[in-house]
Amino acid sequence: MSQHNIKLKYTTIGLTAILVASFIIAYFPAWKRLILAWYTYGEYSHGFLVIPIFFYILLKKKTKLCQIPVQSSLCGLGLVILSSFLYLIAHFAQILTLSSSSTVLMIAAIVLYLYGAPILKELAFPIFFLLFMIPIPSQIYAALTISLQLFVSQTSSWLAMHLGIPLYREGNIIHLPGLTMQVVQACSGLRSMASLSALALILAFFTLRSNLLRAALFLSGIPTAIFVNIVRVLLLIVLFDYFSIDLTAEGVHILFSIFIFALSFVILVAMRGVLSRWDKATIVE
């Protein structure tokens, strides 16, 4: 290796270390709010797994990344400045979604600035995966939850009535003889949608080769989350009406929720099995 290349290498390492240190210090408030959101809200608890998976993917790609020549880009510097500007706005305005998004954008900007577009392209998936650690904006979450609650309530009630079960529905409240059931936020499907989508994305990335099939499996996490929550409510109705089993009690309902999530995972694995028939190969990168 020539003296020029050695000098360039150590310069790049030094710049990376400085930028990483600055990034950690500057974005500490954003990370603190993110971790608090993961800890406080169950629907975002999968955020704790996003970072370890991100670094695991980086390790898997280490050999391939070392083979790509470094081509630093000034466009990345512009993106670093833009990310910093967005973060400052989000920090002082206390906008968690924007500050978290600017964090991910900054990571992409640093990679582009120091290492170039080819390496950024190779790291596109793990950087995109970081977006799953960001909570959905509360306004959007509330609007989607109400719509999904009503949809799940309507569909499960319609199916139950076709099974001959007498019931009366008021919005997201289902009245049965001897039991009144409310389809709460947890049963809307939105709560598990982010977790299932992240799980589907990881499954797709490591077990499918075609990007089109990967996208199909990733997107399947959305209807899967809605479907299993319709099944959840329908089973609650059927088991109470036919067998007088009330699964709405807190302790039992937690176990039932675990079963429903396991069912979601089984559906994703089954869909992956179907999609893999059209894949060129199912390899781990």
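Residues are numbered from 1 along each chain as its sequence is written, and side-chain values use heavy atoms, with hydrogens and water left out. Because the model is predicted, local features need pLDDT of at least 70 and side-chain atom pairs count only at pLDDT 80 or more, while totals for chains, interfaces and linings use all residues.

**Salt bridges**

Let's start with the charged pairs. The structure has two salt bridges, meaning a side-chain nitrogen of Lys or Arg within 4 Å of a carboxyl oxygen of Asp or Glu. Here they are:

| Pair | N to O distance |
|---|---|
| Glutamate 122 and lysine 61 | 2.7 Å |
| Glutamate 122 and lysine 64 | 3.7 Å |

Glutamate 122 sits in helix H7 (residues 117–122), and lysine 64 in helix H4, so their pairing ties together parts that are 58 residues apart in sequence. Helices here are DSSP runs (H or I, at least four residues), numbered from the N terminus. With a relative accessibility of 14%, glutamate 122 counts as buried, whereas lysine 64, at 46%, is partly exposed. The cut-offs are simple: buried means under 20% relative accessible area, exposed over 50%, and partly exposed in between (1.4 Å probe, protein chains only). Through shared partners, the salt bridges join Lys61, Lys64 and Glu122 into one network. Lysine 61 is buried, as is glutamate 122.

**Nonpolar cores**

On to the greasy parts. In soluble globular proteins, nonpolar side chains tend to be buried together. A nonpolar core here is a set of buried Ala, Val, Leu, Ile, Met, Phe, Trp, Tyr and Cys residues joined through side-chain atoms within 4.5 Å. The largest one has 38 residues, and Trp31, Ile127, Phe129, Leu130, Phe132 and Met133 touch the most other members. Helices that each supply at least two residues to this core include H2 (28–40), H5 (74–93) and H10 (190–207). Its largest share comes from H6, with eight residues. There is also a second, separate core of 33 residues, with Leu148, Leu217, Leu236 and Ile237 among them.

Phenylalanine 132 is worth a look of its own. Leaving out residues up to four places away in sequence, phenylalanine 132 touches His46, Val50, Ala194, Ser197, Ala198, Leu201 and Phe218. Contact means heavy atoms within 4.5 Å.

**Helices H11 and H12**

How do H11 (residues 211–219) and H12 (residues 221–243) pack? Their angle is about 25°, and their axes are 4 Å apart. Axes are lines fitted to C-alpha atoms, for helices over the stretch in contact, with angles running from 0 to 180 degrees between N-to-C directions. The two helices are therefore roughly parallel to each other, a label for angles under 35 degrees. From H11, Leu217, Phe218 and Leu219 meet Gly221, Ile222 and Pro223 in H12. This contact involves five nonpolar residues, one polar and no charged.

**Two positive phi values**

Last stop: the loops. Glutamine 94, in the loop between H5 and H6, has a phi near 60°, a positive value in a residue other than glycine. Glutamine 94 is exposed, with a relative accessible area of 53%. Serine 244 lies in the loop between H12 and helix H13 (250–275). Though not a glycine, serine 244 has a positive phi of about 55°. Serine 244 is exposed too, at a relative accessible area of 63%.

Definitions and conventions:
Parallel < 35°, antiparallel > 145°, perpendicular 65-115°, else oblique. Nonpolar A, V, L, I, M, F, W, Y, C, P; charged D, E, K, R; others polar.
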